[in-house]
Amino acid sequence: MSSRTTVASTALAIGALLISMVSYQCGASLAKHLFPQVGAQGATAYRLGLSALILLLWRRPWRRSASQRDWRALWGYGLSMGAMNLVFYMSLRTIPLGIAVALEFTGPLALALFGSRRLLDFVWIALVVAGLALLLPLRAQMQALDPVGVMYALAAGVGWALYIVLGKKAGATHGADAVMLGTSIGALVAIPFGVAHAGSALLSPTLLPYALGVAVLSSALPYSLEMVALTLLPARTFSTLLSLEPAIAAVAGVALLGERLSLLQWLAIVAIIVAAAGTALSVQRPTLTEPLVN
């Protein structure tokens, strides 16, 4: 692979990831407006169920013959996606969007830390950790977080780490169909919880436009773009670039949900953005030391 091609591929991957993060947080903000009608469980069912339907109609897998490929990574990818989405939306019931994403980011942060080998990598990760420490309301003068919401967000972090690792493998073996198949599997996890909680309220025609918006913005579009990034970037680089997610979520919470952040939390956002930019600018060419696809 030539130097110019490598740079172009990296730029494409980073651009796709940035668009996916903005789309994801806009969708999460929209989904939170559905909570009073169908709950977090129902919003998750909308998100993954409708997204799976959209992707199935777009990809039309029935037109292709099934091949003998490794399905274990795909099922792991889909199940982690479903569980991650469900517990993340459960956390949004009681804690702000930016805080929930900051806690959830512990999963990708752990992957970035475990995969780091250069001193500069640890500089960026340390900056992310400092930013997260400022972003989270851990100081005594600030209102305490709901512990149940915190646990749900941390559980989503575990799911996010699994999503990255298994999604990379699923993308390598299933290509463009990985997102469609994984989302369909994730929907099998979410829909029973949504039906059990919301019942017939899920069929309300007045909620359908919001539900479709959530499905496109939170799943169909960002997961498709993330698969592009996952197959072009090393897992460590992908995970560290995701450090922008808490910052984007905090801004979306302020702009779309009326949530407020302190000056220290805004400083944290700046620190996280600097770390993500530094990571993007210091990506090494993956010709010798780290493969693009596992």
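Reader: Where is Leu120 placed?

Author: In this predicted model, Leu120 sits in helix α6.

Reader: Why is Leu120 called partly exposed?

Author: Its relative accessibility is 36%. Buried means under 20% and exposed means over 50%, so Leu120, at 36%, counts as partly exposed.

Reader: What makes Leu120 part of a nonpolar patch on the surface?

Author: A patch takes residues with over 30% relative accessible area, and Leu120 has 36%. Leu120 forms the patch together with Leu113, Phe114, Leu119, Phe122 and Val123, and these residues have about 610 Å² of accessible area together. Helices α5 (106-114) and α6 (119-135) each give two or more residues to the patch, and α6 gives the most, with four.

Reader: Thanks! Now to the inside: how do you know that helix α4 is largely enclosed by the rest of the structure?

Author: Buried means under 20% relative accessible area. Eight of the eight residues of α4 (residues 97-104) are buried, so the helix is largely enclosed. Among them are Leu97, Ala100, Val101 and Glu104.

Reader: Which residues does Phe88 touch?

Author: Leaving aside residues up to four places away in sequence, Phe88 touches Leu97, Ala100, Val101 and Glu104, as well as Tyr24, Ala28 and Ala156. A contact here means heavy atoms within 4.5 Å.

Reader: What makes Phe88 stand out in the largest nonpolar core?

Author: That core has 77 residues, and Phe88, along with Tyr77 and Tyr89, touches the most other members. Helix α2 (residues 35-59) gives the most to this core, with nine residues.

Notes:
Residues are numbered from 1 along each chain as its sequence is written. This is a predicted model: local features need pLDDT of at least 70, side-chain atom pairs count only at pLDDT 80 or more; totals for chains, interfaces and linings use all residues. Side-chain values use heavy atoms; hydrogens and water are left out. A nonpolar core is a set of buried Ala, Val, Leu, Ile, Met, Phe, Trp, Tyr and Cys residues joined through side-chain atoms within 4.5 Å. Buried means under 20% relative accessible area, exposed over 50%, partly exposed in between (1.4 Å probe, protein chains only). Patches are made of residues with over 30% relative accessible area and no salt bridge: like charges are joined within 9 Å, nonpolar side chains (Val, Leu, Ile, Met, Phe, Trp, Tyr) within 5 Å. Accessible areas come from the Shrake-Rupley method with a 1.4 Å probe; for residues, only the protein chains shown count as cover. A salt bridge is a side-chain nitrogen of Lys or Arg within 4 Å of a carboxyl oxygen of Asp or Glu.
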